[in-house]
Amino acid sequence: MRAKVGYQTTLRERATVSGLGVHSAAPAQIVIQPADADSGIVFLRTGLPGGRERLLEARRSNVTQTSLCTVLGDATGASVGTVEHLLAALSGLQIDNAFVEIDGPETPIMDGSAAAFVDAIDQAGVVHQSRPRRYLKVLKPVRVEHNDAYAEFSPADHSFRLDVEIDFPSSVIGRQRRVFNVDPATFRREIARARTFGFVSDVQKLWQAGFALGSSLENSVAIDGEEILNPEGLRYSDEFVRHKALDAIGDLSLAGAPIVGRYRAYRPGHKLNAMALEALFKNRSAYAFVEAGAKPLFPALGGVRAPAVARGLRAGIGLT
Ligand SMILES: [Zn+2]
């Protein structure tokens, strides 16, 4: 790949990943395909009743659920669940544009991390496109709280600085904190292989609620009391907080543009990440979209959602 820093990217060719959903246990195949500049990440959900298909843009306004995983959906009931690890791989590797065809209700969980998606993208290759990348630059602190968890965006000069802290009563996890300057090298090395995790004590409850039906030691780190049940153990001593960082990268990619700023999250989950993004977009003076190497294009427009701004940008509206 020729270095063209600041230009949008897509895949060189298509990449395919198949597997089972961790919550639904349903099989699905995803085919990640190249997409034009300014497309963003767009899912095509196929295999719906009657052979229907629905397009679902990976953006925050299409988020329909954030309990246990992030679900994208629309008013017709079409949905794609557990998008966060795939979105984290695309965002972590700085892929701006991709078309993701999926024939089932849930993104395959694979080994519970983003590794399979990173491998598939690496195999397909990445190409730069002729359009500059657009970033979402945080201009002012924005904070949200939820129970005893909180998250805060604040300005940072040139990077996406991710600061995640977790605190679990289980001594296997305890208190863990990591700070990353998220770029593709850091993502691959420090974050992509961190697996999702769960407590055996929660499993019955989750099953009854229709969640975690596909979970196993093949795709989750399972904690039973003070013990990790996976015979292979952990991939990193603090794999848990790294996985929370992975989830945050996926969830925050629903902003629709890579973030330049700091995100500090204490005890985050998908809901907190979604709440933080909502709060940021509600505070119109707290962010701006900027083009790589350029001054801010415009302050965030009042009442106009970011994707609408992006569409306006594509159509050349309001920028002449
Ligand atoms: Zn996760």
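## Pocket lining

In this predicted model, at least two lining residues of the largest pocket come from each of α1 (84-92), β16 (197-199), α4 (200-208), β17 (221-224), α5 (239-252) and α6 (270-282). Helices (H or I, at least four residues) and strands (E, at least two) are DSSP runs, numbered from the N terminus. α4 gives the largest share, six residues.

The lining divides into 20 nonpolar, 16 polar and eight charged residues. Ala, Val, Leu, Ile, Met, Phe, Trp, Tyr, Cys and Pro count as nonpolar; Asp, Glu, Lys and Arg count as charged; the others, Gly among them, are polar.

## Volume and position

The largest pocket has a volume of about 1,200 Å³. Of its 44 lining residues, L68, F168, F197, G198 and K244 are the closest to its centre. A pocket is an open set of points on a 1 Å grid where a 1.4 Å probe fits, with protein on both sides within 12 Å along at least five of seven lines; lining residues have an atom within 4 Å of a point. The volume is the space filled by probe spheres set on the points.

The pocket lies between domain 1 (7-132) and domain 2 (134-291), because both give residues to its lining.

## Basis

Residues are numbered from 1 along each chain as its sequence is written. Local features need pLDDT of at least 70, side-chain atom pairs count only at pLDDT 80 or more, totals for chains, interfaces and linings use all residues, and side-chain values use heavy atoms, without hydrogens and water.

Methods: Domain bounds come from an automatic or database domain assignment.
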